[in-house]
Amino acid sequence: MSKKLTAAAAAPASFEEAMAELAQLVTQMEAGQLPLEASVAAYQRGSELVKYCATQLDSVEAQVKVLEGDMLKPFVDAGEAAQ
């Protein structure tokens with residue numbers, strides 16, 4: 001298990017890859033079958049993946065704001081609009 005975490009420690013190739021790896025780590029940790037050391041390593045890797053994903057989302061949000069300019073408006077749910 002630790003070899004897998006060490007090999008995967010490189011930055012993910014994409015947001016989708018990071019999310020898939022994060023989901024796999026969560027599944028393994030929730031199963032409760034990892035030894036303590038592997039759990040800590042998985043938690044650390046998960047934290048790195050969350051930071052990577054957050055950075056990617058922030059970058060995309062900034063790009064969308066540039067593309068949309070002042071056209072961005074708060075999202076209104078159809079149910080809320082009817083009230």
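Arg45 is found in helix H3. Helices (H or I, at least four residues) and strands (E, at least two) are DSSP runs, numbered from the N terminus. This is a predicted model: local features need pLDDT of at least 70, side-chain atom pairs count only at pLDDT 80 or more, and totals for chains, interfaces and linings use all residues. Residues are numbered from 1 along each chain as its sequence is written, and side-chain values use heavy atoms, with hydrogens and water left out.

User: What makes Arg45 buried?

Analyst: Buried means under 20% relative accessible area, exposed over 50%, partly exposed in between (1.4 Å probe, protein chains only). Arg45 has a relative accessible area of 6%, so Arg45 is buried.

User: Why is the pair Arg45 and Glu21 called a salt bridge?

Analyst: A salt bridge needs a side-chain nitrogen of Lys or Arg within 4 Å of a carboxyl oxygen of Asp or Glu. The closest N and O atoms of Arg45 and Glu21 are 2.8 Å apart, so the pair meets the definition. The pair links distant parts of the chain: Arg45 lies in helix H3 and Glu21 in helix H2, 24 residues apart. Both Arg45 and Glu21 are buried.

User: What makes the 2.8 Å pair of Arg45 and Glu21 a polar contact too?

Analyst: A polar contact is a pair of N or O atoms within 3.5 Å; within protein, one must be able to donate a hydrogen and the other to accept it, and residues adjacent in sequence count only if both atoms are side-chain atoms. The side chains of Arg45 and Glu21 make such a contact at 2.8 Å.

User: Which residues are linked with Arg45 in a network of salt bridges?

Analyst: Glu21 and Glu48 are linked with Arg45. The side chains of Glu48 and Arg45 meet at 3.5 Å, N to O. Glu48 and Arg45 are three residues apart in helix H3, so about one helical turn separates them. An α-helix has 3.6 residues a turn, so residues three or four places apart point the same way.

User: Why does Glu48 count as partly exposed?

Analyst: Glu48 has 36% relative accessibility, so Glu48 counts as partly exposed.

User: How do you know that Glu61 and Lys65 form a salt bridge?

Analyst: Their side chains meet at 3.8 Å, N to O. Glu61 and Lys65 are four residues apart in helix H3, so about one helical turn separates them. Glu61 is partly exposed, with a relative accessible area of 42%. Lys65 is partly exposed at 44%. By this rule the count comes to three salt bridges.

User: How do you know that the span of H3 agrees with its number of residues?

Analyst: The expected span of a helix is 1.5 Å times one less than its number of residues. H3 has 33 residues, so H3 should span 48 Å; its end C-alpha atoms are 47 Å apart, which agrees. Just after H3, Gly69 takes a positive phi of about 60°.

User: What makes up the largest nonpolar core?

Analyst: A nonpolar core is a set of buried Ala, Val, Leu, Ile, Met, Phe, Trp, Tyr and Cys residues joined through side-chain atoms within 4.5 Å. The largest one has nine residues: Ala18, Leu22, Leu25, Leu34, Ala38, Ala42, Leu49, Tyr52 and Cys53. Helix H2 (15–31) and helix H3 (36–68) each supply at least two residues of this core. H3 gives the most, with five residues.
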